[in-house]
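I set out to record what I looked up in this structure. My entries follow the sequence and the model shown here.

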Amino acid sequence: MTPPLPNTSNDSVTGAAKGCDMQSGKFITFEGIEGVGKSTNMDFLAEVIEQHGHSVLKTREPGGTPIAEEIRRLLKEHGDEPMPDVAELLLMFAARAINVNNSIRPALASGTWVVSDRFTDSTRAYQGGGRGFAVDSIEWLANIVHGDLQPDLTILLDAPVETAMQRAVRRGDPDRFEIERTDFFKRVREAYLHIAEQEPERFIVVDVSRDLESVRTVIRDIASALLNEK
Ligand SMILES: Nc1ncnc2c1ncn2[C@@H]1O[C@H](COP(=O)(O)OP(=O)(O)OP(=O)(O)O)[C@@H](O)[C@H]1O
Ligand SMILES: [Mg+2]
């Protein structure tokens, strides 16, 4: 039985991040399996937003602050000691708690836009879809760690696993996640598409099997829509 969800919804900064405060910046996340182009397109989106006069914090998960980056190193390095799946899940959320409290919330509250390479949807897709953790357990942890702070927009970059893996391999060394088998990434991709279907108002799914220039045109259109929103 999963214990009842703690109530963290009266956090004042959470309110700001949700748009209750006129100062608040927007929180945009990029998701997708390895090699789909999250880092590349996130840099591009951040540039477009900055050109419109907003300050932008670029962050990544796991990581984003010195302590959280240390946790990232622990999660990614190739060691002989096994990393139990539950430890991986908890370390992901530990890193997120640090990044949310020390970096993301303060930035949003001061009016800075935050663009993140991965957030909790990665945990839902990898630890949930990929490793098989129950949705309820993940949502319980998510609620403790970031309450009702949710991305204003999540851009899911989607391509067949084979296409993404070829790009990731061409780019450089495989890490602990990249050496997972193809069927693992197929489950992760399916989980992402399922989450996006459940929350169509938060997600935009972009087909990135096309060339980078076509993808950029789509990202530019998304940026225009966001910047014109009031
Ligand atoms: N639409 C595209 N067409 C062709 N190449 C692309 C496209 N998008 C990204 N790439 C290239 O694919 C490689 C992987 O992209 P990138 O590193 O941005 O992916 P990522 O999603 O950040 O991966 P990871 O999750 O492993 O960090 C890069 O070399 C990038 O230039
Ligand atoms: Mg990347």
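**The sheet**

I began with the sheet: five strands form an open sheet in the order E2-E3-E1-E4-E5, with parallel pairing (two strands pair if DSSP finds at least two bridges between them). I noted strand E2 (56-60) and strand E5 (203-207) as the edge strands, each pairing on one side only. Strands (E, at least two residues) and helices (H or I, at least four) are DSSP runs, numbered from the N terminus.

This is a predicted model, in which local features need pLDDT of at least 70 and side-chain atom pairs count only at pLDDT 80 or more, while totals for chains, interfaces and linings use all residues. Residues are numbered from 1 along each chain as its sequence is written, and chains are lettered from A and ligands numbered from 1 in the order in which they are written.

I then looked up E1 (residues 27-31) and E4 (residues 153-158), which run parallel and are joined by four bridges. Thr-29 stands opposite Thr-154 in E4.

**The ligand**

Which residues are closest to ligand 1? I found Gly-37, Lys-38, Ser-39, Thr-40 and Arg-167 to be the closest of the 16 residues that surround ligand 1 (a residue is near a molecule if its C-beta atom, placed from the backbone, lies within 6 Å of it). Helices H2 (38-51), H7 (161-171) and H9 (212-228) are the elements that give two or more residues to this shell.
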